[in-house]
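Me: I would like to learn how to read helices and sheets in a model of this kind. Could you take me through a few features in turn?

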Amino acid sequence: MRFAFVAAASILLALPALAADRGRAPLPPGTSYVREGSEFAVTQIRPALFALSEPDYYQHNVSYVIVGEDRALVIDAGASTTEDMTRAVRRLTDKPFAVIPTHLHYDHLGSIHHFQEVWLIDVPATRQLVRKDGYTYVPPERHIATAAEFSATPFKVSRYIKPGDTVDLGDRPVQILFAPGHTRDEIAIYSPLDNILFTGDFIYPASLFSGNAQDYLAAADKVLATINRDTKIYGAHPGRPKDGVTELPLVTYDELVSARAAFARMAKGAPPDETISNPAPTGGFKMTAAKVYRASPRIRVLGDIVFADRSALSYPDGK
Ligand SMILES: [Zn+2]
């Protein structure tokens, strides 16, 4: 039952593109929109593991759905502020499901208030966002969408998970690793049965944005001690499309090792490989300054980032 949609979707792939989908981003083989006109496209990675991507969104966010015997876990709440992502999830599974954001930036929180069950990492940086009425509110300086059309809707957290704890979805344990560095609330999620690590914005195959170099380095060491060379690493942003087609953001173990070396150079204040100085910035993030450390052909790490509106990604040690 829960895979009925995917079977139907693969039949659809053989047919000409739906009229409403013409002019949209082309999808890689094995991927299809969850329904005509939806912003979400689905790729079945394994029998009970799906990627929900947003091919037309400029950052091409990818969220993931792991289905266990008892429940499903959705990793990230999407970027869309116009479509309820829970409807897309409902097409993939009839189990109850919870969402856990990899961090609290706006492009990972789009549908968070639509989810009945929200899990968060149990650290001071998340607990401090709970208001008197019990709802969690992410202020603009934390979700960084001062320039985007995003207004944070408060949401209720149903479960806090301690760093390093394992949660069983029924036959499918997942370990929640605290991996700050991009943000102070960043996590990575490891599924030992699949040998897959989901990394949000901790690592993906494009430019990484550092909020704290020491944290980033420590998180890389922790993650590398948990996974192995055969672990498949899925991030949240695919970077530049290849021939117009956006693939899933798969990172290799060696790329993570290279990124770790860049975090280490940044953490000890080594001179950057280049600097960005942009008095009249354009584009999504409107960045005016950053130090750039190259990690691999696809990955570079940006530190000491200054945005045009003076919002900051950097956060001080221990906060
Ligand atoms: Zn992101």
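This is a predicted model: local features need pLDDT of at least 70, side-chain atom pairs count only at pLDDT 80 or more; totals for chains, interfaces and linings use all residues.

Me: Which residues of helix H5 are buried, and what covers them?

Reply: An α-helix has 3.6 residues a turn, so residues three or four places apart point the same way. In H5 the buried residues are Ala213, Asp215, Tyr216, Leu217, Ala219, Ala220 and Val223, and their cover includes strands S10, S11, S12 and S18 together with helix H6. The length of H5 agrees with expectation, because 14 residues (213-226) at 1.5 Å a residue should span 20 Å, and the end C-alpha atoms are 20 Å apart.

Me: In what order do the four strands of the open sheet lie, and which stand at the edges?

Reply: The order is S13-S18-S17-S16, with mixed pairing. S13 (207-209) and S16 (274-277) are the edge strands, each having a single partner, so one side of each is left without a neighbour in the sheet. From one strand to the next the twist averages 25°. S13 pairs with S18 in the parallel sense over three bridges, and Ser207 has Arg300 in S18 as its bridge partner. Helix H6 lies across S13, S17 and S18, running at about 45° to S18.

Me: How many residues separate S2 and S3 in their hairpin?

Reply: Two residues lie between S2 and S3, which run antiparallel and are joined by five bridges, Arg46 being partnered with Leu49 in S3. S3 also pairs with S4 in the antiparallel sense over five bridges, where Leu52 has Ser63 as its partner. Four of the five residues of S3 are buried.

Notes: Residues are numbered from 1 along each chain as its sequence is written. The expected span of a helix is 1.5 Å times one less than its number of residues. A residue is buried if 20 or more other C-beta atoms lie within 10 Å of its own, exposed if 12 or fewer, and partly exposed in between; C-beta atoms are placed from the backbone. Two residues are in contact if their C-beta atoms, placed from the backbone, lie within 7 Å. Two strands pair if DSSP finds at least two bridges between them. Axes are lines fitted to C-alpha atoms, for helices over the stretch in contact, and angles run from 0 to 180 degrees between N-to-C directions.
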